[in-house]
Amino acid sequence: MTYELSRRDVNRLRKVLIELLDQSEADSCLICDGAGHVLAHENVNRQDPLLISALGAGVFAATRELARLLGEDEFSTVLHQGMKRSILIAAATDEVLLVVMFSGEHRVGLVKLYTPTAAAAVRGIFESIQDRGPTGEESADRNFVLKDSGTIFAGTEG
Amino acid sequence: MAFVNQDTREIQLKIVYYGPARCGKTTNLEVVHRLIRPDHKGDLTSLDTVKDRTLFFDFMPLVADVVQGFTTRFQMYTVPGQVMYNTTRAIVLRGVDGVVFVADSQWSEMAANVESFRNLQQNLALQNKQLDDIPYVLQYNKRDLPAIAPVHYMEFLLNNRGKRRPSFTSVATTGEGVFETLNMVARLVLHRFVKDASAGPGRARELTLA
């Protein structure tokens with residue numbers, strides 16, 4: 001199965017992220033799905049967004065299992081708080097997560113305050129995408145042509 | 001579930017190495033990480049225990065230039081093989097696009113191979129997926145050890161479904177068979193991606209509310 005986001009969709013998501021960074025004073029944030037794919041990110045250049053998504057999706061899925069074991073429907077957010085850096089992961093939909101990274105103890109409150117609003121905005125974007133057909137521009141971009149894929153990855157020795 | 005980002009012109013695909021405990025899943029990724037061209041790989045991250053047993057998963061991104069106009073990113077994962085970590089295996093399998101089933105060729109591990117293969121099908125069923133609908137390859141590892149089953153026996157045991165899948169013998173510790181396996185599963189996943197994508201846009205329906 002394949003799904004895709006158009007340039008416009010991604011820009012709408014990025015706009016939510018930029019606003020969240022501005023309001024919460026967080027350092028960086030990203031949106032990923034339950035499989036660990038990166039859907040959009042802002043200011044995550046110093047770290048690897050793929051790795052953060054993979055680990056964030058894994059952590060959140062494990063937390064969901066813990067909630068289930070405890071008889072709770074869901075823990076909607078996960079906060080890991082460190083001395084210098086912290087990370088908050090929030091569910092936007094069943095399959096989409098919002099990951100926010102920030103510094104300083106004093107920002108915890110701001111991040112906790114503004115992340116649910118951002119998560120709701122992300123959720124709204126996906127709901128609006130749900131029933132929309134592809135535009136002409138998007139259809140034109142959907143021409144996937146494989147190059148010769150005989151040897152995709154080669155080792156440097158051996 | 002493959003993901004296309006039209007803004008960054010990226011395709012993201014997820015491949016999972018599955019198999020019983022100590023069959024060589026992590027070794028496969030370690031060898032790829034060691035030998036592959038630096039511009040094709042990211043860091044290999046292992047979430048393991050003090051005894052080097054995989055606790056959650058190993059993760060390594062690979063990048064390839066195989067679809068015209070797009071950067072293709074393969075997200076490579078392993079699962080923990082130990083029976084007690086089944087919840088973790090089910091989590092790692094979420095949204096999988098392709099599977100490498102690594103089997104241990106030693107006679108003593110045949111029951112574990114069969115159990116793990118069955119477990120793979122069960123965990124896919126939790127996502128409403130069937131193994132037959134997913135690109136996968138089999139790798140018969142540890143062919144350098146003395147007490148191993150012949151390949152035709154392992155084929156009979158694990159590759160006996162309606163449609164036979166590509167299978168490879170390997171000695172992952174030396175790199176033998178590792179890249180052959182990787183290239184085949186990557187190729188199968190890419191062909192499936194192009195086929196699915198040309199059938200019509202999946203859009204983002206799967207990411208909205210259940």
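Analyst: Happy to! Let's start with the overall form of chain B. With 210 residues, a compact globule would have a radius of gyration near 17 Å, and chain B has 17 Å, so the two agree. The radius is taken over C-alpha atoms, and the globule rule is 2.2 Å times the number of residues to the power 0.38. Along the principal axes, the C-alpha atoms of chain B fill a box of roughly 50 × 35 × 35 Å.

User: Before we go on, what kind of model is this, and how are residues and chains labelled?

Analyst: This is a predicted model, in which local features need pLDDT of at least 70 and side-chain atom pairs count only at pLDDT 80 or more, while totals for chains, interfaces and linings use all residues. Residues are numbered from 1 along each chain as its sequence is written, and chains are lettered from A and ligands numbered from 1 in the order in which they are written.

User: What scores does the model have, and what is the average pLDDT of chain B?

Analyst: The model scores ipTM 0.85 and pTM 0.91. Chain B averages a pLDDT of 91, and 93% of its residues score at least 70; pLDDT is the predictor's confidence in each residue, from 0 to 100. Where pLDDT is low, the predicted coordinates should not be read in detail.

User: How many helices and strands does chain B have, and what counts as one?

Analyst: Chain B has five helices and eight strands. Helices are DSSP runs of H or I with at least four residues, strands are runs of E with at least two, and both are numbered from the N terminus. Read along the sequence, the pattern is β-β-α-β-β-β-α-β-α-β-α-β-α.

User: What makes β4(B) largely enclosed?

Analyst: A residue is buried if 20 or more other C-beta atoms, placed from the backbone, lie within 10 Å of its own, exposed if 12 or fewer, and partly exposed in between. Ten of the 14 residues of β4(B) are buried, so the strand is largely enclosed by the rest of the structure. Across chain B, buried residues make up 49% of the 210.

User: And why is B:Arg34 called partly exposed?

Analyst: B:Arg34 has 15 other C-beta atoms within 10 Å, so it is partly exposed. This residue lies in helix α1 (residues 25-35) of chain B.

User: Which strands are the edges of the open sheet in chain A?

Analyst: That sheet has five strands in the order β3-β2-β6-β5-β4, with antiparallel pairing. The edge strands are β3 and β4 (77-81) of chain A, as each pairs on one side only. Further in, β2(A) and strand β6 (residues 96-103) of chain A pair antiparallel over six bridges, and A:Leu30 stands opposite A:Val99 in β6(A).

User: How many residues does each chain give to the contact between A and B?

Analyst: The contact takes 53 residues from chain B and 47 from chain A, where two residues are in contact if their C-beta atoms, placed from the backbone, lie within 7 Å. On the side of chain B that touches chain A, the largest share, eleven residues, comes from α5(B).

User: Which strands are bridged across the two chains?

Analyst: Four bridges join strand β1 (residues 2-5) of chain A to β1(B), and these strands run parallel. A:Glu4 has B:Val4 as its bridge partner in β1(B).

Note on methods: Pairing = 2+ DSSP bridges.
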